[in-house]
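Welcome! Please open the model in your viewer and follow along, one selection at a time.

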Amino acid sequence: MTTTEIGQAYSRVRTYSEQICEPLETEDYVPQPVAFVSPPKWHLAHSTWFFETFILKNLVPNYKVYDPDFNYLFNSYYNNIGERTIRTDRGNVTRPTTRNVYAYRKYVDAQMLELLDELADPAALAMVELGLHHEQQHQELLVTDIKYILGHNPLFPVYRPGCNLVDGTNPATGWEQIPEGVYEIGHEGPGFCFDNELGRHKVYLHSFEISRALVTNAEYIDFINAGGYRDFNLWMDEGWSWVTHSNIAAPMYWYRQDGEWYYYTLDGFKKINPEAPVAHISFYEASAYAQWKGMRLPTEFEWEIASQTIPWGLRWEWTNSAYLPYPGFSKAPGAVGEYNGKFMINQMVLRGASVATSPGHSRFTYRNFFHAHERWQYTGIRLAR
């Protein structure tokens with residue numbers, strides 16, 4: 001990006017985070033109902049802390065931090081930066097106030113925009129671009145965390161009228177045939193990518209077919225009605241343990257009332273649309289459904305090759321690939337090296353994007369990753385055979 005382009009992108013991305021939070025009441029900014037959900041106030045502050053810590057403190061002479069305590073409160077997992085509050089305590093941070101966090105954003109934005117007017121160093125511009133993509137990641141987390149917070153309110157409040165996000169339908173049907181061969185995987189070219197999308201390398205794929213459509217709610221209800229959650233033969237051992245110990249019997253946010261299925265959406269409590277792709281599915285559930293259908297989930301390499309010919313972007317799609325480094329991957333020195341590399345264990349790769357992904361933040365080489373039981377993101381199922 002040029003200096004002008006990155007300045008425009010900075011203003012656009014930072015504004016979008018606050019637009020996501022516009023429907024919230026002050027009380028909505030604070031709760032942390034479970035450990036994996038962060039309060040909206042924390043997301044707004046942490047994404048601001050990133051720019052202050054990695055850019056302003058390093059590039060602006062005699063920079064005065066907004067509040068020395070914020071490094072402890074809003075550092076997420078960067079051990080190189082110093083001590084931090086534990087993740088489960090983020091909801092206990094009632095002070096600083098939400099108003100103070102917005103003042104922090106304003107303070108940092110003013111100095112960032114002044115800096116960007118004259119910033120020309122390519123390495124510094126690249127760090128700003130990384131910060132923008134980092135904030136876009138948190139924008140998606142904002143959407144999903146807000147849904148979890150409101151979705152566990154007994155009144156199922158509306159976040160924003162018309163903002164359903166689970167009501168779209170598949171744009172295509174049938175199967176895409178991919179011939180066997182040697183293919184190249186990973187990012188190439190001048191555009192942005194995260195370090196885990198490198199290095200580009202060759203893989204051999206057997207011929208396979210991949211569904212052009214995601215599994216729908218109606219198809220998933222057939223799985224439920226057939227006893228899918230009660231048949232241990234369909235489940236990975238860890239998945240079966242998760243189902244039985246957590247009493248899982250349907251996707252997250254689903255409720256059965258008077259013989260019919262309903263779900264919580266950001267537009268409130270709604271009757272399920274049978275034609276919409278199923279959402280909020282764990283890897284364990286996706287794998288069990290595929291087993292029930294006599295099929296499988298695609299590997300991330302199969303998905304990447306097929307993604308150039310199949311529609312995607314409604315749901316993050318579970319793959320049957322563990323999150324591991326590509327050949328030649330190396331972590332950057334210092335705190336930036338903690339961004340992706342240290343999480344390459346015990347997680348599964350998701351590909352594509354979802355209806356909650358920020359505009360301009362998806363590409364077919366993007367590697368998302370979560371633990372196999374997690375499902376509060378807009379995750380779905382695409383089958384392969």
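Of the 385 residues of the protein, what percentage count as buried? The share is 54%, where buried means under 20% relative accessible area, exposed over 50%, and partly exposed in between (1.4 Å probe, protein chains only).

A word on what you are looking at. This is a predicted model, in which local features need pLDDT of at least 70 and side-chain atom pairs count only at pLDDT 80 or more, while totals for chains, interfaces and linings use all residues. Residues are numbered from 1 along each chain as its sequence is written, and side-chain values use heavy atoms, with hydrogens and water left out.

**The whole chain**

Start with a cartoon view. You will find 9 helices and 11 strands; helices (H or I, at least four residues) and strands (E, at least two) are DSSP runs, numbered from the N terminus. The radius of gyration is 21 Å, close to the 21 Å that the globule rule gives for 385 residues, so the protein is as compact as a globular protein of that length. That radius is taken over C-alpha atoms, and the rule is 2.2 Å times the number of residues to the power 0.38. Along the principal axes, the C-alpha atoms fill a box of roughly 65 × 55 × 35 Å.

**First stop: Glu135 and Arg14**

Select Glu135 and Arg14. They form a salt bridge, with the closest N and O atoms 2.8 Å apart; the term means a side-chain nitrogen of Lys or Arg within 4 Å of a carboxyl oxygen of Asp or Glu. Glu135 sits in helix α5 (residues 122–151) and Arg14 in helix α1 (residues 3–21), 121 residues apart. Glu135 is buried at 0% relative accessibility, and Arg14 is buried at 3%.

**Second stop: Arg363 and Glu197**

Next, select Arg363 and Glu197, whose side chains meet in a salt bridge (2.7 Å, N to O). Both partners lie in loops: Arg363 between β9 (348–352) and β10 (368–370), Glu197 between β2 (181–185) and β3 (201–205). Arg363 is buried with a relative accessible area of 14%, and Glu197 is buried at 0%.

Finally, select Glu209 and Arg385, another salt bridge, with 2.8 Å between the closest N and O atoms. Glu209 belongs to strand β4 (residues 208–211) and Arg385 to the segment after β11 (379–380), so the pair ties together parts that are 176 residues apart in sequence. Arg385 is partly exposed, at 42% relative accessibility.
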